[in-house]
Amino acid sequence: MATFHRRIAEILNLPAPIGDDGALTPQMLMMTPAAKAAWVEYHDAIEVGLRSGGELYDVRDVASKSADNAVRLAALFHVFEHGFGAVWLEAFEGASRVAAWHLNESRRFFGELALPAELADAGRLDTWLIEYCRREHTHMVSTRDAQRLGPVRDKDKLTTATKELVDLDRIQIRKDGRRIAICVNPALIGITS
């Protein structure tokens, strides 16, 4: 953090670029040919996803700005690392990964909002069950642990979510006396018979 703060202070202490007319005249940053080619490729991939029926169509307001945001971040990364001059491919690659991550998070977030609450609960429970089973090297989770540790804490909502997952053959419910267990489809967690 000390190195980061030192570099930010250096940048902030640079004299402001003021023209003879007193107006701010920031330096224009260009991109190297390799960085520009990567930006064009990123931009074109976004445009394909924005088409009607495309994977980004439902988040087009966010997606349409992603390429511009990536190039802005690339400029910031480059100035931070190297000062002024042509923005290198390395800076754009890092910036495009950050922009793509945010775009995917928007898709995930808005996708969950578009789902009925029951399906969103089922989706979150499904993801949690798979992660839990892989981490714990098991394929069974008690409903008590799923409710206590999982993303769906309300008992009625958990029951509804498990019914959705049973209908999709993602899980089975097994009862042993009073104990109820959720058995995750072994194919989902990489267990083969």
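In the hairpin formed by strand 2 and strand 3, two residues lie between the strands, and Gly 177 adopts a positive phi near 70°. Strands here are DSSP runs of E with at least two residues, helices are runs of H or I with at least four, and both are numbered from the N terminus. The model is predicted, so that local features require pLDDT of at least 70 and side-chain atom pairs count only at pLDDT 80 or more, whereas totals for chains, interfaces and linings use all residues. Residues are numbered from 1 along each chain as its sequence is written, and side-chain values use heavy atoms, with hydrogens and water left out.

Strand 2 (residues 171-176) pairs with strand 3 (residues 179-184) in the antiparallel sense over six bridges, where pairing requires that DSSP finds at least two bridges between two strands. Within this pairing, Lys 175 has Ile 180 in strand 3 as its bridge partner. Strand 3 also pairs with strand 1 in the antiparallel sense, over three bridges, and Val 141 stands opposite Ile 182 in strand 3. The three strands form an open antiparallel sheet in the order 1-3-2. Strand 1 (140-142) and strand 2 are at the edges with a single partner strand each, so one side of each has no neighbour in the sheet. Ignoring direction, neighbouring strands of this sheet are turned by 30° against each other on average.

Two helices lie across strands of the sheet. Helix 6 lies across strand 1, strand 2 and strand 3 and runs at about 115° to strand 1; helix 8 lies across strand 2 and strand 3 and runs at about 115° to strand 2. Axes are lines fitted to C-alpha atoms, for helices over the stretch in contact, and angles between N-to-C directions run from 0 to 180 degrees. Helix 6 (residues 117-136) packs against helix 8 (residues 155-167) at an angle of about 75°, with the axes 8 Å apart. Helix 6 is therefore roughly perpendicular to helix 8 (65 to 115 degrees; under 35 counts as roughly parallel, over 145 as roughly antiparallel and the rest as oblique). Residues of helix 6 that meet helix 8 include Leu 119, Ala 122, Leu 125 and Leu 129, and those of helix 8 include Leu 158, Ala 161 and Leu 165.

Asp 126, in helix 6, is buried at a relative accessible area of 11% (buried means under 20%, exposed over 50% and partly exposed in between, with a 1.4 Å probe and protein chains only). Residues up to four places away in sequence aside, Asp 126 touches Leu 165, Arg 170 and Leu 188, contact being heavy atoms within 4.5 Å. Val 166, in helix 8, is partly exposed at 31%. With neighbours within four places in sequence left aside, Val 166 contacts Ile 171, Gln 172 and Ile 173.

Three aromatic pairs are found in the whole structure. One of them, Tyr 42 with Phe 92, is edge-to-face, at 6.2 Å centre to centre and 80° between the planes. Tyr 42 belongs to helix 2 (residues 33-50) and Phe 92 to helix 5 (residues 89-114), so the pair ties together parts 50 residues apart in sequence. Rings of Phe, Tyr and Trp (its six-membered ring) pair if their centres lie within 6.5 Å, and planes under 30 degrees apart count as stacked, over 60 as edge-to-face and the rest as tilted. Tyr 42 is buried at 13% relative accessibility, and Phe 92 is buried at 1%.
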